[in-house]
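Keep the picture open while you read.

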Amino acid sequence: LILGSSGTLGSTVASHLKQNHNCLTIGADITAPDPSSSLDAFLLLSPTDTTSTLQSGIQSLHTDTTDLQLDAIICTNGGFTLDDPTNPSLTHQQMMTLNYHPVVAAAALLPRYMTTHQGLFLAMGASAALAPSAPTHTAYGASKAALHHYLHSLGVMTGLGLGGSRAIKKSSEELKRIQANEYLDSLTVLGLLPHVLDTEVNREAMPDVDGRLWTKPIDLAREIGRW
């Protein structure tokens with residue numbers, strides 16, 4: 001399942017996984033995909049109710065197949081808007097709606113649909129959220145920082161977080177949760193933190209910026225394919 005599959009990054013990931021890893025891909029987005037899309041199925045989401053439309057869309061596919069299981073949920077959704085100086089709260093709400101809430105909605109699918117055999121939950125963070133930002137970038141940075149925290153919190157609940165020298169000690173209640181949710185035992189939770197994405201939209205928005213060090217969508221797609 002690729003969330004944000006109609007965007008430049010999402011469509012690149014879908015095409016790469018299809019062509020190079022022979023994956024069956026389900027796309028989900030608030031806008032329809034390009035007619036040339038390589039997706040095997042597509043779910044049109046409501047921009048105001050991602051959780052319900054994502055749940056109902058996946059349920060419809062589950063009904064039409066013997067037993068739908070997802071090997072990976074890849075969240076490529078996201079966007080950027082400068083803080084509105086006259087109404088900063090609105091910008092913060094918009095950024096959370098674009099960058100954070102859809103990932104939480106996707107994670108809600110894990111208990112029912114994620115495979116119990118080494119599943120992957122991946123979302124796009126941002127290196128810009130690792131340090132204080134310019135006054136006009138706080139909404140974007142805050143939404144990505146919230147996403148980072150969510151991924152950390154989900155990751156330490158997996159069985160992988162229990163083993164090795166860097167294991168995080170689990171309480172008895174947390175261990176019970178893992179036992180009740182078998183998919184958690186082998187789930188990998190991953191956040192990728194790119195620099196500015198090298199897309200046509202970003203190039204048009206920042207024509208005077210040297211984009212030679214920007215992250216190319218195909219490079220992210222290849223990295224995701226390795227996981």
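Here is a short briefing on the strands, a helix, the nonpolar cores, the cysteines and the aromatic rings. Bear in mind that this is a predicted model.

- Start with strand S4, residues 72-75, which is covered on both faces.
- Ala-72 and Ile-74 sit on one side of S4, Ile-73 and Cys-75 on the other, and all of these are buried.
- Strand S1 (residues 2-3) pairs with S4 in the parallel sense, over 2 bridges.
- In that pairing, Ile-2 has Ile-74 of S4 as its bridge partner.
- S4 also pairs with strand S5 (residues 120-124), again in the parallel sense, this time over 4 bridges.
- Ile-74 turns up here too, standing opposite Leu-122 in S5.

**Helix H6**

- Helix H6 covers residues 138-155, so to speak 18 residues in a row, and spans 25 Å from its first C-alpha to its last, close to the 26 Å expected.
- Its buried residues include Ala-139, Tyr-140, Ser-143, Lys-144, Leu-147, His-148, Leu-151 and Leu-154.
- A handy rule for reading such a list: an α-helix has 3.6 residues a turn, so residues three or four places apart point the same way.
- What covers the buried residues of H6? Among the covering elements are helices H3 (88-99), H4 (101-107) and H5 (110-113), along with S5 and strand S6 (188-192).

**The nonpolar cores**

- As background, nonpolar side chains in soluble globular proteins tend to be buried together.
- The largest nonpolar core here has 30 residues, and those with the most contacts inside it are Leu-1, Leu-43, Leu-54, Ile-73, Cys-75, Leu-110 and Phe-121.
- Strand S2 (26-29), helix H2 (50-64), S4, H4, H5, S5 and H6 each supply at least two residues of this core.
- H4 gives the most to this core, with 4 residues.

**The cysteines**

- How many disulfides are there? The count comes to 0.
- Cys-23 is in no disulfide, and the nearest cysteine sulfur, in Cys-75, is 16 Å away.
- Cys-75 is buried, with a relative accessible area of 1%, whereas Cys-23 is partly exposed at 27%.

**The aromatic pairs**

- The whole structure has 2 aromatic pairs.
- One is Phe-80 with Tyr-140, an edge-to-face pair with 5.2 Å from centre to centre and 75 degrees between the planes.
- This pair links distant parts of the chain, as Phe-80 is in the loop between S4 and H3 while Tyr-140 is in H6, 60 residues apart.
- Phe-80 counts as partly exposed at 42% relative accessibility, but Tyr-140 counts as buried at 17%.
- Tyr-100 and Tyr-150 have ring centres 6.1 Å apart and planes at 90 degrees, so this pair is edge-to-face.
- Tyr-100 lies in the loop between H3 and H4, and Tyr-150 in H6, so the pair ties together parts that are 50 residues apart in sequence.
- Tyr-100 is buried at 18% relative accessible area, and Tyr-150 is partly exposed at 22%.

Technical notes. Residues numbered from 1 in each chain as written. Predicted model: local features only at pLDDT ≥ 70, side-chain atom pairs only at ≥ 80, totals over all residues. Heavy atoms only, no water. Buried < 20%, exposed > 50% of the residue type's maximum accessible area, 1.4 Å probe, protein only. Pairing = 2+ DSSP bridges. Expected span 1.5 Å × (residues − 1). Contact = heavy atoms within 4.5 Å. Core = buried A, V, L, I, M, F, W, Y, C linked by side-chain atoms within 4.5 Å. Disulfide = S-S within 2.5 Å. Phe/Tyr/Trp six-rings, centres within 6.5 Å; stacked < 30°, edge-to-face > 60°.
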